[in-house]
Amino acid sequence: MGGGFAGATLAQRLERLLPAQTEVIVLSAENHLVFTPMLPEVVGRTISPLQVVVAGRQLTRRTKVVGGARQPD
Ligand SMILES: Cc1cc2nc3c(=O)[nH]c(=O)nc-3n(C[C@H](O)[C@H](O)[C@H](O)COP(=O)(O)OP(=O)(O)OC[C@H]3O[C@@H](n4cnc5c(N)ncnc54)[C@H](O)[C@@H]3O)c2cc1C
């Protein structure tokens, strides 16, 4: 759940630990990871927003990223 730092790291570890035929799915409101520690540099215009955003498919090899927000219980 969630394609941020925690979700992406968990997906990477599950890919390593689980058999290749196991499907790993990340459900996230966004299909990209924002490298939040560098957002101040974007605001200060020393770097481009494109340099702090990574597409979900670039972070993992076989994880499927499904878009959509999970509703709170
Ligand atoms: C400006 C800034 C600077 C920072 N600098 C540092 C730093 O220098 N060092 C440091 O250690 N930390 C820093 N942090 C904190 C760090 O960014 C967070 O601790 C980290 O992003 C948390 O990771 P996360 O996976 O829990 O959440 P996030 O990275 O926020 O990811 C959450 C993901 O879940 C998704 N999501 C949320 N709700 C739902 C839902 N209902 N259904 C589906 N998907 C959902 C979101 O779309 C998002 O993709 C900084 C934060 C900010 C804002």
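Residues are numbered from 1 along each chain as its sequence is written. Because the model is predicted, local features need pLDDT of at least 70 and side-chain atom pairs count only at pLDDT 80 or more, while totals for chains, interfaces and linings use all residues.

**Overall fold and confidence**

The chain has three helices and four strands. Both kinds of element are DSSP runs numbered from the N terminus: helices are H or I with at least four residues, and strands are E with at least two. Their order from the N terminus is α-β-β-α-β-α-β. The C-alpha trace spans about 45 × 30 × 15 Å along its principal axes. Of the contacts with a separation of 6 or more, 63% join residues 24 or more positions apart; a contact requires two C-beta atoms, placed from the backbone, to lie within 7 Å.

The predictor's confidence in each residue is given as pLDDT, from 0 to 100. Its mean over the chain is 91, and 100% of the residues reach 70 or more. Helix α3 (residues 56-59) has the lowest mean, 86, and α2 the highest, 97.

V26 and S28 lie on the covered face of β1, whereas I25 and L27 lie on the uncovered one. In a regular strand the side chains alternate between the two faces of the sheet.

V26 also belongs to the largest nonpolar core, together with A8, A11, L33 and V65. Such a core is a set of buried Ala, Val, Leu, Ile, Met, Phe, Trp, Tyr and Cys residues joined through C-beta atoms within 7 Å. Beyond four places in sequence, the contacts of V26 include A11, V65 and V66.

A residue is buried if 20 or more other C-beta atoms lie within 10 Å of its own, exposed if 12 or fewer, and partly exposed in between, with C-beta atoms placed from the backbone. Of the 73 residues, 12% count as buried.

R45, a residue other than glycine, has a positive phi near 60°. F35 is 23 residues from Q12 in sequence and 17 Å from Q12 in space, C-alpha to C-alpha.

**The ligand shell**

Which residues come nearest to the ligand? Of the 16 residues around the ligand, they are G2, G4, A6, T36 and P37; a residue counts as near if its C-beta atom, placed from the backbone, lies within 6 Å. Helix α1 (5-17) and strand β1 each supply at least two residues of this shell, and α1 gives the most, with three.
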